[in-house]
Amino acid sequence: MSAPTREETTDQHHSSSSIREETNLLRNQPPSKVLMKKPLTIDTESLESKNEKVQLYRHQVAGHYPIFWKSGVICKPIQKNELEFYQYISEHLKDIIPFVPRYLGVVTMNYGDLPPTPTELKTKDSAKTEFTSKQSSQTAEFNRFSSWGLRCQQKKKSALQRRVVKYIKLEDLTMPFSRPNILDLKIGSRVYGVGDDPDKVKRKILKSAQTTSKSLGLRLCGMQVYNSEDDGYVFRDKFNGRNLDEKGFYAAIEQFFTHKGTLRVTVVSSFLRQIEKLLQVVTEQKSFQFFSSSLLFICEGCRPSDQKNLHGGVKNKDFERIDLRFIDFAQSARDTEKKGVDEGFLMGLGNILSHLKTLEAKGKRHNAEAQKGGGGTEENATRNEENTARKRKLGAA
């Protein structure tokens, strides 16, 4: 892989010792303001209603198994380690709970409860999904969104056809957003689990060595960025992520944080502070080792002023709203030797922190130059929108 050319950063690859030192400094700082909003109240009993159909989750950008959605709750097939993780932290590791999706229990569904499985898919290099005329409109409407869930449903059809499949229930983190931008980053250089067989371990080691997982402790697994021109999304899947070198990886991250050519500095800063808090929590705990887990970034992709012309979705007035969660614990393992998180995991968190600081500095310089030249900034546009809305309310009153 070619080395990145980044002029602002001084130390691209953080060592685990520097990350631990940075964490110690964070411990001595007063707690900063919580940036993520309170989770929505979810009526979990409505999930059991027979009247509402289960749907494919339209905002799935990564994963091996399809994720389904019903009544504001997402359902993903149970993985033993992941279920044990959520059950354990509810009693023994409560500090990490704010950083993971809210666990809502387990539900059992049979194959007949699920939406129809797509029968025609293009190759993995295709960005779109084709459907047969026999498929329901409920399934076909997802052609406007990521096709990743459809692909997973087709590939895992035999596993889903078992008489009964149990699913873990988690909150849908995208519900507060009108058009959510989503980024899934796999953290760590080790991507195999404790229970994987030797052949699988070899394959995953090779996969890591051929991607940015080895060099950065980070790999792009999926991404969607809203495009207001056609009310659709620009997607990157795991195959694209595997083909990125370091320079391409960092360019993709910058693309995620860019809206109409302007770097969203406030959003970058918010994610930066949340990752620093997460880093402190995961390095202090000695209960789990996290292999092949991910960071999930969510932010609003559509300005409030543009949402009035959209069909469907909630109306989110906070363009700077974010959500950051630690997800995917199928390969997590109990830390019986109390070693703490491994070096590759720390390297990954260190590198994403370093890059976000670089983007933050770059955005602030751009904003300062724009203000000197009389130009507008992303923050100014947001403030102007809020002031306009406030004046309208006062005028109506």
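Rings of Phe, Tyr and Trp (its six-membered ring) form an aromatic pair if their centres lie within 6.5 Å. The legends below describe a predicted model.

**Figure 1. Aromatic pairs, with Phe85 and Phe288 in close-up.** The structure holds 22 aromatic pairs. One of them joins Phe85 and Phe288 in an edge-to-face arrangement, with 5.1 Å from centre to centre and 75° between the planes. Phe85 belongs to helix H2 (residues 80–92) and Phe288 to strand E11 (residues 288–289), so this pair ties together parts that are 203 residues apart in sequence. Phe85 counts as buried because its relative accessibility is 0%. Phe288 likewise counts as buried, at 3% relative accessibility. Ring pairs link a cluster whose members include Phe85, Phe288, Tyr86, Tyr103 and Phe345.

**Figure 2. Packing of helix H9 against helix H12.** Helix H9 (residues 246–256) and helix H12 (residues 343–372) pack at an angle of about 55°, and their axes are 11 Å apart. This angle makes H9 oblique to H12. The crossing in which H9 passes H12 is right-handed. H9 contributes Tyr250, Ile253 and Glu254 to the contact, while H12 contributes Asn351, His355, Leu359 and Lys362. Sorted by class, the contact of H9 with H12 comprises three nonpolar, two polar and two charged residues.

**Figure 3. The surroundings of Ala62.** Ala62 is located in the loop between strand E1 (55–56) and strand E2 (68–70). Its relative accessibility is 13%, and Ala62 therefore counts as buried. Leaving aside residues up to four places away in sequence, Ala62 touches Trp148, Asp184, Cys221 and Gly222. Ala62 and Gly222 are 160 residues apart in sequence, yet their C-alpha atoms are 5.1 Å apart in space.

Terms used. Residues are numbered from 1 along each chain as its sequence is written. This is a predicted model: local features need pLDDT of at least 70, side-chain atom pairs count only at pLDDT 80 or more; totals for chains, interfaces and linings use all residues. Side-chain values use heavy atoms; hydrogens and water are left out. Axes are lines fitted to C-alpha atoms, for helices over the stretch in contact, and angles run from 0 to 180 degrees between N-to-C directions. Helices (H or I, at least four residues) and strands (E, at least two) are DSSP runs, numbered from the N terminus. Angles under 35 degrees count as roughly parallel, over 145 as roughly antiparallel, 65 to 115 as roughly perpendicular and the rest as oblique. A crossing is left-handed if the near helix is turned anticlockwise from the far one by less than a right angle, and right-handed if clockwise. Contact means heavy atoms within 4.5 Å. Ala, Val, Leu, Ile, Met, Phe, Trp, Tyr, Cys and Pro count as nonpolar, Asp, Glu, Lys and Arg as charged, and the others, Gly among them, as polar. Buried means under 20% relative accessible area, exposed over 50%, partly exposed in between (1.4 Å probe, protein chains only). Rings of Phe, Tyr and Trp (its six-membered ring) pair if their centres lie within 6.5 Å; planes under 30 degrees apart count as stacked, over 60 as edge-to-face and the rest as tilted.
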